[in-house]
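Hi,

Here is the structure I said I would pass on.

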Amino acid sequence: MGSGITDADGHPVPVTVGAGGPGAVAAPGGEPGRVSLRFSPPAGELVWSCAPGAARELAAALLRAAEEAENTPGERPVTVVAGELRRGDVRDGDRSMTVESARADGSTVHVTWKSGAGRSWTQAYAADTPIALKRRLPWGR
């Protein structure tokens, strides 16, 4: 999986995940009922295995950490014009507002926001209106 995972020196680390025990990623027929992870950094290979429940707990912990990392405010807000808003952008301010969608209609941009409480609404902005963002997801998300 091209995961973007790197080692401490910044080198890419290929990661393979599969069903079965430690040998299952390379060869079918590993230990049944296990999940295996194979990390192949330049310095050597690490192979881990765990029960499916532990794999789910790891996945949930990784999701929580990813959300926390994405929600950590940067050094200062970034300002973009309304015409450049994209899904996942979080508006700077006292209350959490995330862009669900942004649709341009000529010189007007219709932005659908979602609050932290789960409410959604749409606002119209001139395409060149500056909007301060607390967080911006990378392209491709």
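**What I found**

Let me start with V99: setting aside neighbours within four places in sequence, V99 is in contact with L85, R86, R87, G88, D89, V111, T112 and W113. Contact here means heavy atoms within 4.5 Å.

Before going on, some housekeeping. This is a predicted model, where local features need pLDDT of at least 70 and side-chain atom pairs count only at pLDDT 80 or more, while totals for chains, interfaces and linings use all residues. Residues are numbered from 1 along each chain as its sequence is written, and side-chain values use heavy atoms, with hydrogens and water left out.

On confidence, pLDDT is the predictor's own score for each residue, from 0 to 100. The protein averages 81, and 81% of the residues score at least 70. Where pLDDT is low, the predicted coordinates should not be read in detail.

Helices (H or I, at least four residues) and strands (E, at least two) are DSSP runs, numbered from the N terminus.

β1, β2 and β3 form an open sheet of three strands in that order, with antiparallel pairing; to pair, two strands need at least two bridges between them in DSSP. β1 (15-19) and β3 are the edge strands, each pairing on one side only. Neighbouring strands in this sheet are turned by 15° against each other on average, direction ignored. For that angle, axes are lines fitted to C-alpha atoms (for helices over the stretch in contact), and angles run from 0 to 180 degrees between N-to-C directions.

If you zoom in on β2 (residues 35-39) and β3 (residues 46-50), you'll find five bridges between them. R38 sits opposite V47, and F39 opposite L46. The two strands make a hairpin with six residues between them, and G44 in the turn has a positive phi of about 150°.

Now for the inside. Of the 141 residues, 23% count as buried, where buried means under 20% relative accessible area, exposed over 50% and partly exposed in between (1.4 Å probe, protein chains only). The largest nonpolar core has 11 residues: V80, A82, L85, M97, V99, V109, V111, W113, Y125, I131 and L133. Such a core is a set of buried Ala, Val, Leu, Ile, Met, Phe, Trp, Tyr and Cys residues joined through side-chain atoms within 4.5 Å. Two or more residues each come from β6 (97-105), β7 (108-115) and β9 (130-135), with β7 giving the largest share, three.

- S115 lies in β7 and counts as buried because its relative accessibility is 14%. Beyond its neighbours within four places in sequence, S115 is in contact with S96 and W121.
- T122 is in β8 and counts as partly exposed because its relative accessibility is 49%. Leaving aside neighbours within four places in sequence, T122 is in contact with H110, V111 and T112. T122 and V111 are 11 residues apart in sequence and 5.4 Å apart in space, C-alpha to C-alpha.

Cheers
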